[in-house]
Amino acid sequence: MSKPEHAPLGATTATTVAEPNTVTLETPIQRAGGTPITTVTLRRPKSGELRGVSLTDLLQLQVDALTVVLPRITQPTLLKHEVAELDPADLVQLGTKVATFFLTKAQLADSPAA
């Protein structure tokens, strides 16, 4: 009988912990001829990906600002018209994730959701 393999300390698997920057959409996005997009993962934007957008507008979850930035930082890449057609609950979830990218590690550690 062989010993079960264990993950190294601190390692997690996809079945135990969801990716912290992944959002499960309330209303999946249907692309022509493709499978529905049910989850979207956001990555921390680089400064250049924030060009043309007011950071204040982004932090206030302004739709116009999110419509510019989300296509630049989502996986799968959401198209501008897809962002414009998102369910409001999904837009708020994605926008909230974007806003957390502006917090420091210390601020995140102190937040109640951390």
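The protein chain's secondary structure comes to five helices and three strands, where helices (H or I, at least four residues) and strands (E, at least two) are DSSP runs numbered from the N terminus. Read from the N terminus on, these elements follow the order β-β-α-α-β-α-α-α.

This is a predicted model, in which local features need pLDDT of at least 70 and side-chain atom pairs count only at pLDDT 80 or more, while totals for chains, interfaces and linings use all residues. Residues are numbered from 1 along each chain as its sequence is written, and side-chain values use heavy atoms, with hydrogens and water left out.

The mean pLDDT (the predictor's confidence in each residue, from 0 to 100) of the protein chain is 86, and 82% of its residues reach 70 or more. Over residues 10-16, however, pLDDT stays under 50, and the model has one contact beyond four places in sequence for them; a contact means heavy atoms within 4.5 Å.

**The sheet**

Strands of a sheet pair through backbone hydrogen bonds, either parallel or antiparallel. Here an open sheet of three strands has the order E1-E2-E3, with antiparallel pairing. Strands E1 and E3 (74-75) stand at the edges with a single partner strand each, so one side of each is left without a neighbour in the sheet. Two strands pair if DSSP finds at least two bridges between them, and four bridges join E1 to E2. Thr24 has Thr39 in E2 as its bridge partner.

Of the 114 residues of the protein chain, 25% count as buried, which is defined as under 20% relative accessible area with a 1.4 Å probe, protein chains only.

| Helix | Buried residues |
|---|---|
| H2 | Ala65, Leu66, Thr67, Val69, Leu70, Ile73 |
| H4 | Asp90, Leu91, Leu94, Gly95, Val98, Ala99 |

The buried residues of H2 pack against E2, H1, E3, H3 and H4, whereas what covers those of H4 includes strand E1 (22-29), strand E2 (37-42), helix H1 (55-59), helix H2 (63-73) and helix H3 (80-84).

How far apart are the end C-alpha atoms of helix H4? They are 18 Å apart, which agrees with the 18 Å that the 13 residues of H4 (residues 88-100) should span at 1.5 Å a residue, the expected span being 1.5 Å times one less than the number of residues. At the start of H4, a side-chain oxygen of Asp87 reaches to within 2.8 Å of the backbone nitrogen of Ala89.

Technical notes: Buried means under 20% relative accessible area, exposed over 50%, partly exposed in between (1.4 Å probe, protein chains only). A polar contact is a pair of N or O atoms within 3.5 Å; within protein, one must be able to donate a hydrogen and the other to accept it, and residues adjacent in sequence count only if both atoms are side-chain atoms.
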